Amino acid sequence: MNAPNNTRFMDRLKTGLWYENPGLVQLLGLCPLLAVTSTFINGLGLGIATLCVLIASNALVSATRRWLRREIRIPVYVLIIASLVTCTELIFKAWFPALDRSLGIFIPLIVTNCAIVARAEIFASRNPVGTSIVDGLVMGIGFALLLIAIGIFRELVAMGWLLALLPPGAFFSLALAIAAKNAIDGKQKSRKLNR
Amino acid sequence: MAESSVMRSGVTLAGIAAICTALVAFTYQVTNERIAANEQAWLEQSLAPALSGLFFDSGVSESVLTIPAPHELPGADDAIVYRVYSGESPVAALFVVSARDGYAGAIRLLIGIDVDGRVTGIHVLAHRETPGLGDRVESGKSDWLRQFDGRSLSDPAPGAWRIKRDGGEFDQLTGASVTPRAVVKAIRETLQYFDANAAAIFAAEADAQDEVGE
């Protein structure tokens, strides 16, 4: 009983981190991704905030899915996500004031991160609470790790090449990350074919 | 049939809205005090830099004066003034005001003015301006605010206390003129208020101590 559950979790984790990574593959939530990843700490902060909102919104949407009729599901998602983001903003202001000042308006803007609505619609509204929380966790980690990786990359490159900190640097960094992922996937595919 | 379905949807929505509101209200209750304390700490940290190294020997936060609304300063809520003395003689005043005509809500500003009516330093305490455009008024993001240091009501003349696009003397920010316009206007109004009321401000009794908190 336990073993298959574990392998299923590992599969879901791989899906969130790699095969369906919200940023790299689904290309969701690019606005915050491009805007705040100028440093490692900003990437980490927004990554964690998004992760928390994603888990909580998946849980709430899934818990209420039985009462959600088609015509009111979008307003309900908006309600749930907006309230959770407001709570997250208050918590950041109370316990991480410096990070809150540095991320500024991007915390309230998590509301507009389409990765969260997408997971509510695609996954949480059709699956039980437990699996939805796992989905929020793996997708959130996938998104957060991408934010952190691009943040580190841009901060390091910016020491020699200042452009990396400016908006074009964000586009180049994301493009490099996507290209690297596609290259790795392509290599694996050709290896399978050769065998 | 159709009517009852609309009814049910409405009730569901109302129910979920109530739950969400309760959630936010609860979080607000829990975080409220900490947030206020953090904001006060941030404000007190910003006081000394806004004085640009002027000499003073009074405790800055002990000389708070609240100017109750309505007043001629920018902003609709009560304005706060920190008065700075060297011995008995006044050195400068630091105003906490809100520019209300920004692009997205009020811009909280800390404006330092020395006793001769010159700007000693300006600091943006809080704002919600557009990232990458209006938010460059922040001192950490560009040195736009530095152009006001040492300026006064006669330098430039009141007519030129505007951004260049409006025929004034101050730079705007590329792609954003609403935010700089609001900030310049707030600084001008604060200088005018100080010009008219300086003597009264420095002579007034400080607020009760425990209201300020240490």
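How many residues does the contact take from chain A and from chain B? It takes 22 residues from chain A and 19 residues from chain B, where two residues are in contact if their C-beta atoms, placed from the backbone, lie within 7 Å.

## About the model

This is a predicted model, in which local features need pLDDT of at least 70 and side-chain atom pairs count only at pLDDT 80 or more, while totals for chains, interfaces and linings use all residues. Residues are numbered from 1 along each chain as its sequence is written, and chains are lettered from A and ligands numbered from 1 in the order in which they are written.

## Where the chains meet

Let us start on the side of chain A that touches chain B. Helix H4 (residues 73–95) of chain A gives the largest share of that side, 11 residues. Helices (H or I, at least four residues) and strands (E, at least two) are DSSP runs, numbered from the N terminus.

By class, this side of chain A has 15 nonpolar, four polar and three charged residues. Here Ala, Val, Leu, Ile, Met, Phe, Trp, Tyr, Cys and Pro count as nonpolar, Asp, Glu, Lys and Arg as charged, and the others, Gly among them, as polar.

## Chain A

Chain A has eight helices and zero strands, giving the pattern α-α-α-α-α-α-α-α along the sequence. Its radius of gyration is 18 Å, close to the 16 Å that the globule rule gives for 195 residues, so chain A is as compact as a globular protein of that length. The radius is taken over C-alpha atoms, and the rule is 2.2 Å times the number of residues to the power 0.38. Along the principal axes, the C-alpha atoms of chain A fill a box of roughly 55 × 55 × 35 Å. Buried residues make up 39% of the 195 residues in chain A; a residue is buried if 20 or more other C-beta atoms lie within 10 Å of its own, exposed if 12 or fewer, and partly exposed in between, with C-beta atoms placed from the backbone. Of the contacts in chain A between residues at least 6 apart in sequence, 77% join residues at least 24 apart.

H4(A) also packs inside its own chain. The axes of helix H3 (residues 40–63) of chain A and H4(A) come within 10 Å and cross at roughly 145°; axes are lines fitted to C-alpha atoms, for helices over the stretch in contact, and angles run from 0 to 180 degrees between N-to-C directions. The crossing of H3(A) and H4(A) is right-handed: a crossing is left-handed if the near helix is turned anticlockwise from the far one by less than a right angle, and right-handed if clockwise. Residues in this contact include Ala49(A), Cys52(A) and Leu60(A) of H3(A), and Ile80(A), Leu84(A) and Phe92(A) of H4(A). By class, the contact has 12 nonpolar, two polar and no charged residues.

## The sheet of chain B

Chain B holds an open sheet of five strands in the order S1-S2-S3-S4-S5, with antiparallel pairing; two strands pair if DSSP finds at least two bridges between them. Strand S1 (64–67) and S5 of chain B stand at the edges with a single partner strand each, so one side of each has no neighbour in the sheet. On average, neighbouring strands are turned by 20° against each other, direction ignored. H2(B) packs on this sheet, touching S1, strand S2 (79–86), S3, S4 and S5 of chain B, and its direction makes about 140° with that of S3(B).

Strand S4 (residues 107–114) of chain B has seven of its eight residues buried, so S4(B) is largely enclosed by the rest of the structure. Eight bridges join strand S3 (residues 89–99) of chain B to S4(B), and Leu94(B) stands opposite Gly112(B) there. Six bridges join S4(B) to strand S5 (residues 119–126) of chain B, with Arg108(B) opposite Ala126(B). S4(B) and S5(B) form a hairpin with four residues between them, and Gly117(B) in the turn has a positive phi of about 85°.

## Two residues of chain B

Ala99(B), in strand S3 of chain B, stands opposite Ile107(B) in S4(B). Ala99(B) is buried, with 25 other C-beta atoms within 10 Å. Beyond its neighbours within four places in sequence, Ala99(B) has contacts including Pro74(B), Leu109(B) and Ala182(B).

Gln147(B) lies in the loop between S5 and helix H2 (178–203) of chain B. With 14 C-beta neighbours inside 10 Å, Gln147(B) counts as partly exposed. Leaving aside neighbours within four places in sequence, Gln147(B) is in contact with Phe170(B) and Asp171(B).
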